[in-house]
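Hello,

Here is the structure I promised to hand over.

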Amino acid sequence: MSTATIQETTNKQPDRSFLPPTMKAAVLRQFGPPDVLKYEEIDTPRPKPGHVVIKVLAAGMNRLDHYLREGSVMPNLSLPHILGVDAVGEVVELGEGITGVQIGERVIPAPGFTLREADDRNRPLAASPSFVVPGVHVWGSYAQYMEVPARWVVKDETGLSPAEVATLPVVLGTSARAVKQVGEVKAGDKVLVTAGASGSGSMHIQVAKALGAKVAATVRDDVKGSYVKSLGADLVINIRKEDVVDRVKAWSGGQGADVAIDNVGGGELAKTIEAVRPFGIIVAYGFSAGEEATFNVREFFFTQKQLRGSIFADPEDLHWGLDQVRAGRIKPTLDRTFPLRRAAEAHRLLADNQVKGNFVLLPWDD
Ligand SMILES: NC(=O)c1ccc[n+]([C@@H]2O[C@H](COP(=O)([O-])OP(=O)(O)OC[C@H]3O[C@@H](n4cnc5c(N)ncnc54)[C@H](OP(=O)(O)O)[C@@H]3O)[C@@H](O)[C@H]2O)c1
């Protein structure tokens, strides 16, 4: 698996483009409830030098898309905008100066990349001045075609269906980063994953299991409990019926978990911290229960726990994750697909937490 590179050749941009002049897209022209997403005909992108245009076969959805649509995380986002970080597609047109990527190749755009080659070797990549996320800083995958820098597409060698692949890039890369790098999870560890049935949580469970850890996962209903069990969770805790701290302590011989990966923040974070053993690590990864948290500082520093943030992923994290997928140790978590024209409905269900794993939009499935 290698990231395709631009080389110093002089592939000329085709005199005539074979792309249709317009395409279908779910366009965001104003912030608001799911219905602000409008299915429209807009101009098809043409590849700038060093870029390719892919025909989007499937576009994965993340909670980030919901936050962006409602205007809660980036109220200065320039509109109109096309959401969608996750995609898999087929290369259909090359910009000038590209080798190493072929027309017809199935590729996965990196879920975050640099615009300036001089930044490519920075680690963490996301700290680079030119780092952007497709669907956030540049237009994303809720469209029939998408333009991507050629050096930031990864050949899809998973052997999975497009819909399955589209669930992967964000959650796979960021989970690998949060669980393996930041959480330092290793074989034999006991790991707590909150909101285990979420897109992120369902991947954290699998990454921790792939590393040889035991996993406790929280849910808020029993259907999602069965789901996280099917992903390999060793202990399922329904936080509407049970106390997470009591259950995790009983499971870990009274000590607490070695590591917790917290997807929810808010009022739940204090309990997550409490459920971790002295000297253990808590990775703050998400905030679906709220951005602000209160916890007992005295208890926290007396027990010398470590609270660490984790955001985005380096290319190596995604590549490690894709290796696990190819080896069959991690499976995509596709809940269901929707034709792109029904993007607003999919957003409504996501906002309502009616998703296990990830939803995927199909731009060619009319
Ligand atoms: N750090 C990173 O690099 C990174 C990357 C991707 C996402 N994230 C963040 O991770 C979080 C999850 O994203 P996602 O795409 O996985 O979300 P998602 O699939 O939409 O799932 C969100 C889950 O949050 C849970 N939840 C909502 N309100 C809750 C509450 N009050 N108490 C407990 N659980 C609650 C729900 O769990 P139930 O199943 O119990 O209903 C829901 O399934 C988001 O905040 C997102 O921004 C961070």
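Axes are lines fitted to C-alpha atoms, for helices over the stretch in contact, and angles run from 0 to 180 degrees between N-to-C directions. Helices are DSSP runs (H or I, at least four residues), numbered from the N terminus.

Two notes on the source. This is a predicted model: local features need pLDDT of at least 70, side-chain atom pairs count only at pLDDT 80 or more, and totals for chains, interfaces and linings use all residues. Residues are numbered from 1 along each chain as its sequence is written.

Back to the first pair. Arg63, His66 and Arg69 of helix 1 meet His347, Leu350 and Ala351 of helix 10. Contact here puts C-beta atoms, placed from the backbone, within 7 Å. By class, this contact holds 2 nonpolar, 2 polar and 2 charged residues. Nonpolar covers Ala, Val, Leu, Ile, Met, Phe, Trp, Tyr, Cys and Pro; charged covers Asp, Glu, Lys and Arg; the others, Gly among them, are polar.

Next, helix 3 and helix 4. They pack at about 55°, axes 9 Å apart. That angle makes helix 3 oblique to helix 4. In helix 3, the contact includes Val171, Leu172 and Ser175; in helix 4, it includes Gly199, Ser200 and Met203. The residues of this contact divide into 8 nonpolar, 4 polar and 1 charged.

Now the ligand. The shell around it has 27 residues, with Arg63, Ser198, Ser200, Arg220 and Gly286 nearest. A residue is near if its C-beta atom, placed from the backbone, lies within 6 Å. Helix 1 (63-70), helix 3 (169-182) and helix 4 (199-210) each supply at least two shell residues. The shell divides into 13 nonpolar, 10 polar and 4 charged. Domain 1 and domain 2 each give at least three residues to the shell.

Last, the domains. Domain 1 is 22-167 + 332-362, and domain 2 is 171-309. These bounds come from an automatic or database domain assignment. Over C-alpha atoms, the two centres are 28 Å apart.

Best wishes

Note on methods: Angles under 35 degrees count as roughly parallel, over 145 as roughly antiparallel, 65 to 115 as roughly perpendicular and the rest as oblique. Two residues are in contact if their C-beta atoms, placed from the backbone, lie within 7 Å.
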